[in-house]
Structures are given as C-alpha cells and as structure tokens.
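The entries are in the order in which I took them.

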Amino acid sequence: MRIDPRLVQRLRNARRVVALTGAGISAESGIPTFRDAQSGLWARFRPEELATPEAFPRLGTLVPDWLLVTQNVDGLHQRAGSRAVVELHGNIHRNKCFDEDVVVAEWRETGERPPCCPRCGGPLRPDVVWFGESLSPQTLAQAEAGARRCEVLFSIGTSAAVFPAAQLPLTALQAGAMVVEVNKDPTPLTGMATFSLLGLAGEILSHLLGETWPA
Ligand code: OAD
C-alpha cells in the first residue's frame with residue numbers, strides 16, 4: 001500500500017484533527033454495516049423495524065486537538081480506549097426514559113417489557129436516534145464546531161449519505177480543511193475529498209499511522 005507523502009507530511013504538521021466514523025470502522029470487528037448489499041442490516045431488516053478501531057486511541061494522543069465523532073451506536077471506540085467520543089446517534093448500551101428523555105443507568109427488573117423508569121414509571125428505551133427523531137442539538141453543535149475549526153477531517157467507513165453527519169466533511173472543506181476519506185468503496189464524498197484512500201479501514205489506518213508517526 002502506498003500512501004501519498006504529501007498526505008503524510010500535512011498530517012504530521014496538523015494540530016487540529018477530526019475523525020468522523022461510520023459503520024465501516026466496526027465492520028472488521030464483525031458488526032454488520034447498514035447499507036452493504038449482501039451483509040448490511042438493511043438487506044435483512046426493514047430499517048423502520050430496527051430502530052479496528054485499535055489505531056484510534058493512539059492517533060488521538062498524537063495531535064494536540066483531536067475530536068472523534070461517530071455515527072455508530074456500538075460503543076466500540078470507547079472499548080478500544082478512545083475517550084470523549086461524540087456519539088451523534090447515541091449508544092445502544094445506554095438507556096433513557098421515553099417520557100423524560102433522561103439517561104437511566106439502573107432500574108428494577110419486574111419482567112415488564114419495556115422496563116419502567118425508576119423515577120416516573122414511563123417506559124425505558126435505548127438511547128439511540130431512531131428514524132424520524134432529531135439528533136441532540138448540543139452533540140451536533142460540538143461536531144460542527146470541530147468540523148469548522150479543524151485542519152484535517154477524516155471520514156472513515158461511512159457511506160456519507162446520512163445527514164446531518166454527511167454535512168460535516170463538507171463543512172470542513174468549506175472552512176479550508178483537508179478532508180481524507182477512508183472507505184472500501186467510493187461514496188458521494190469521494191470526488192470532493194482532498195485524498196481518498198480506498199481499502200479496509202483497519203489496514204489503511206494502521207499503515208497511515210505507521211508512515212506518519214513511526215513508533
Ligand atoms: P453504512 O452502512 O451506510 O455505510 C458503511 C460504509 O462503510 C460503506 O460506505 C462501506 O463501503 C464502508 N465500509 C464497510 N466496511 C468497511 C471497512 N472494513 N473499511 C472501510 N470501509 C468500510 O453506514 P453509516 O454510513 O455509518 O443511523 O450509516 C450512517 C447511519 O445510517 C448510521 O449511523 C445509522 C444509519 O441510519 C442511525 O442509527 C441513526
């Protein structure tokens with residue numbers, strides 16, 4: 001695999017870096033993506049009925065201003081060691097009260113489905129963004145601020161098709177940042193990205209990391 005030396009040089013000098021990730025970054029850990037024609041969740045389920053990240057912790061410590069924004073709800077970035085992840089679409093491992101919209105960490109199991117909120121008795125639900133729901137304005141604002149101020153934005157393993165997340169690379173481009181796409185297939189962003197690296201996220205990111213900051 002050959003990585004353009006101009007990309008390596010610009011990355012080495014970058015101080016403010018944002019990474020936007022999608023289902024493709026979890027794919028090599030065995031979690032199906034959404035839109036893959038054969039194995040994607042949407043090939044098997046109707047969306048309305050559904051409601052290697054290893055390099056990331058290290059990449060995150062190498063630049064002074066690093067922001068990781070994910071569309072994934074699987075919590076794998078945190079399990080891989082990343083801290084302060086901006087989760088645009090929530091986290092499936094967290095629950096909240098339907099009625100009060102507050103996170104609920106513990107409740108009493110009574111056998112009722114869904115379980116009840118210990119405060120108000122309302123039904124509990126996963127803390128993820130479902131179809132027809134809006135993203136948390138604070139979370140989105142944090143991601144947008146990152147996209148506006150960064151020098152480099154990575155768009156990794158995302159179809160770049162779901163808004164408002166797909167707007168973040170465009171915002172970064174408009175603000176003059178370099179946008180680097182890492183994806184196994186071309187996406188609507190590919191033609192606009194400053195660099196497009198076609199291949200598996202796990203392989204490309206490990207390689208890029210080694211080239212830019214040799215251990
Ligand atoms: P998609 O399933 O739409 O896209 C996954 C992307 O990852 C595709 O472009 C694949 O080509 C690419 N890909 C798959 N495996 C890869 C690998 N090993 N390395 C690199 N690229 C790979 O998933 P998202 O773009 O994340 O929303 O979907 C965005 C949102 O759509 C999700 O967050 C979800 C869904 O509606 C909610 O849950 C609210």
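**Entry 1: domains**

I note at the start that this is a predicted model. I looked up the division of the chain and found domain 1 (5-89 + 133-212) and domain 2 (92-128). Their C-alpha centres lie 30 Å apart. For the contact between the two, I have six residues from domain 1 and six residues from domain 2.

**Entry 2: the second largest pocket**

I took the second largest pocket next and noted a volume of about 330 Å³. Its lining is made up of 19 residues, and Lys96, Asp101, Asp127, Val129 and Ser136 are the ones nearest its centre. By residue type, I have seven nonpolar, five polar and seven charged in the lining.

**Entry 3: Asp127**

I picked Asp127 from the residues nearest the centre of the second largest pocket. Asp127 is part of strand S6. Is Asp127 buried or exposed? I have a relative accessible area of 13% for Asp127, so it counts as buried, the cut-off for that being under 20%. I listed its contacts, leaving aside neighbours within four places in sequence: His89, Gly90, Asn91, Arg94, Asn95, Lys96 and Val103. Lys96, in that list, is also among the residues nearest the pocket centre.

In soluble globular proteins, nonpolar side chains tend to be buried together. I looked for such groups here. The largest nonpolar core has 28 residues, and Phe154 and Ile156 have the most contacts inside it. Several elements give two or more residues to this core, including helix H1 (5-13), strand S1 (16-21), helix H4 (55-62) and strand S2 (65-70). Strand S7 (152-156), strand S8 (178-183), strand S9 (195-198) and helix H8 (201-212) are also in that group. The largest share comes from H8, with five residues.

I followed up Ile156. Not counting residues up to four places away in sequence, Ile156 touches Ala19, Leu20, Thr21, Gly22, Ile25, Phe56, Val182, Ala201 and Leu205. I also found a second, separate core of 20 residues, with Ala143, Cys150, Ala172 and Val179 among them.

I placed Thr194 in the loop between S8 and S9. With a relative accessible area of 36%, Thr194 is partly exposed. Thr194 touches Arg10, Leu173, Ala177, Met178 and Val179, again not counting residues up to four places away in sequence. One of these, Val179, belongs to the second core. I also noted that Thr194 and Val152 are 42 residues apart in sequence, with their C-alpha atoms 9.8 Å apart in space.

Glu144 sits in helix H6. Glu144 is partly exposed as well, at 29% relative accessibility. Its C-alpha atom is separated by 9.6 Å from that of Pro164, 20 residues apart along the chain.

**Entry 4: backbone details**

Most residues other than glycine have a negative phi, and most peptide bonds are trans. I therefore looked for departures from this.

Pro114 is in the loop between strand S5 (103-104) and S6. The peptide bond from Phe163 to Pro164 is cis too, with omega near 10 degrees. Pro164 belongs to the loop between S7 and helix H7 (167-174).

For phi, I noted Ala84, which is not a glycine but has a positive value of about 50 degrees. Ala84 lies in the loop between helix H5 (76-79) and strand S3 (85-87). Ala84 is exposed, with a relative accessible area of 66%. Ala160 also has a positive phi, near 55 degrees. I found Ala160 in the loop between S7 and H7. Ala160 is buried, at a relative accessible area of 13%.

Definitions and conventions
Residues numbered from 1 in each chain as written. Predicted model: local features only at pLDDT ≥ 70, side-chain atom pairs only at ≥ 80, totals over all residues. Heavy atoms only, no water. 1 Å grid on protein atoms, 1.4 Å probe; cavity = no way out; pocket = protein on both sides within 12 Å on 5 of 7 lines; lining within 4 Å. Points joined across faces, edges and corners; volume = space filled by probe spheres on them. Nonpolar A, V, L, I, M, F, W, Y, C, P; charged D, E, K, R; others polar. Core = buried A, V, L, I, M, F, W, Y, C linked by side-chain atoms within 4.5 Å. Buried < 20%, exposed > 50% of the residue type's maximum accessible area, 1.4 Å probe, protein only. Helix = DSSP H or I, 4+ residues; strand = E, 2+ residues; numbered from the N terminus. Contact = heavy atoms within 4.5 Å. Domains from an automatic or database assignment.
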